[in-house]
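Colleague: Could you take me on a close tour of one part of this model, the sheet strand you find most worth a look, and then place it in its surroundings? I would be glad of the cut-offs behind your terms as you go.

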Amino acid sequence: MNDHATHSTTDPTDPTAASPPKHFLQIDDLSGDELAELFSTAAELKVAHRAGKDHAVLPNRSLAMLFEKPSTRTRVSFEAGMTQLGGHAVYLGPDTTHLDHGEPVADTARALSRYVDAVMARVFDHDALESMAAHATVPVVNGLSDAAHPCQTLADLFTVYERFGGFEDVEVAWVGDGNNVGQSFAVGAAMAGIDLTMATPEGYGPNDGVLARADACGRAPDVVHDPEKAVEGADVVYTDVWVSMGEDDVREEKLGDFEGFQVNDDLLAAAPKADVMHCLPAHRGEEITGDVLESDRAVVWEQAENRMHTQKALLVHLLGED
């Protein structure tokens, strides 16, 4: 765990400016070595937290948390985590900033960079994050966008790491929608060397760009349309909601398209020893049954807790000294 560095509001257009800040918009913004180091830090921080040991390694640092979409886990894990690191988080919810009243993202990014040491943004449009990162002089973290959820992937991979003591020979089956969570996980799994199979209905798989990135990071997942084939012999079965926030207009269509993709006892018979993961919130009775979610096989609460520990490690990585 590194000590904090001095915050800078250097103008990126100044030719004498320091190097640009490190951003975290996609999981592969980290290198493989950085990912391994981050998990090592997360493990230290988790031990310290559970032991009640002080680990305020980012004193007097501030994080702006910008939310276009509501959240339970993202807000609380970042806010509590920043407090534990000795810093402070500022919540900026929907309709509480001038972004909701026409201010350009670039102007918000420039202003926030003068006040805080990092910005976490949970947005609808990934392009807004790209614009914010282009104009901010502090690190920008993707708390969720329509294209990616890399902070969730950090927690997912760390959970697998803890459960299996690493990633070697671990087989994971993703069952359901190849959405933003699934796309980030596909790339993250390739970086970690996880053998991933994704079972999605026709037309709902990860896009070609994501598959190409995964292939460049290690190996792209196998994409199939038979959930039982994907799950057979898996060590982990992972699912997410079929109908994401803002998709209410296609809800009935998607529920029909995903028939047969529910993670239930019948499906899990093909993987009798598999852990079950879900990024939450879960729609019991849709993508997963309540019985499975409440069973001893589910590691979803450890997965949820690990959001905080891995995000704390990420903040240390982004704000600590080299």
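Modeller: Let's begin with Met65, whose bridge partner in strand E3 is Met120. This is a predicted model, so local features need pLDDT of at least 70 and side-chain atom pairs count only at pLDDT 80 or more, while totals for chains, interfaces and linings use all residues. Residues are numbered from 1 along each chain as its sequence is written, and side-chain values use heavy atoms, with hydrogens and water left out. Helices (H or I, at least four residues) and strands (E, at least two) are DSSP runs numbered from the N terminus, and two strands pair if DSSP finds at least two bridges between them.

Strand E1 covers residues 62-67 and pairs in the parallel sense with strand E3, residues 118-122, over 5 bridges. Within that pairing, Ala64 has Val119 of E3 as its bridge partner. On to the other neighbour: E1 and E2 also run parallel, joined by 5 bridges, and here Leu63 has Ala89 of E2 as its bridge partner.

How well covered is E1? The strand is mostly covered, with 6 of its 6 residues buried; buried means under 20% relative accessible area, exposed over 50% and partly exposed in between, with a 1.4 Å probe and protein chains only. In a regular strand the side chains alternate between the two faces of the sheet. In E1, Ser62, Ala64 and Leu66 point one way, Leu63, Met65 and Phe67 point the other way, and all are buried.

Stepping back to the sheet, 4 strands in the order E2-E1-E3-E4 form an open sheet with parallel pairing. Strand E2 (88-92) and strand E4 (140-144) are the edges, each pairing on one side only. On average, neighbouring strands of this sheet are turned by 20° against each other, direction ignored. Helix H4, residues 126-135, packs on the sheet and touches E1, E3 and E4, and its direction makes about 165° with that of E4. For that angle, axes are lines fitted to C-alpha atoms, for helices over the stretch in contact, and angles run from 0 to 180 degrees between N-to-C directions; contact means heavy atoms within 4.5 Å.

E1, helix H2 (residues 73-84) and E2 make a right-handed β-α-β unit: with the strands pointing away from the viewer, the path from the first strand over the helix to the second runs clockwise.

Helix H1 (residues 32-50) has 19 residues, which at 1.5 Å a residue should span 27 Å, and its end C-alpha atoms are 27 Å apart, in agreement; the expected span is 1.5 Å times one less than the number of residues. Buried residues of H1 include Leu35, Leu38, Phe39 and Leu45, and the buried residues of this helix pack against helix H5 (150-164), helix H6 (180-192) and helix H12 (300-319). After H1 comes Gly52, with a positive phi near 70°. Asn60 counts as exposed because its relative accessibility is 72%.

Beyond E2 there is another residue of this kind. Asp95, in the loop between E2 and helix H3 (105-113), has a positive phi near 70° and is a residue other than glycine. At 55% relative accessibility, Asp95 counts as exposed.

Finally, the whole protein around the strand. Its secondary structure comes to 12 helices and 9 strands. The radius of gyration, taken over C-alpha atoms, is 20 Å, close to the 20 Å that the globule rule gives for 322 residues, so the protein is as compact as a globular protein of that length; the rule is 2.2 Å times the number of residues to the power 0.38. Along its principal axes, the C-alpha trace spans about 60 × 45 × 35 Å. Buried residues make up 53% of the 322 residues. Of the contacts with a separation of 6 or more, 76% come from residues 24 or more positions apart.
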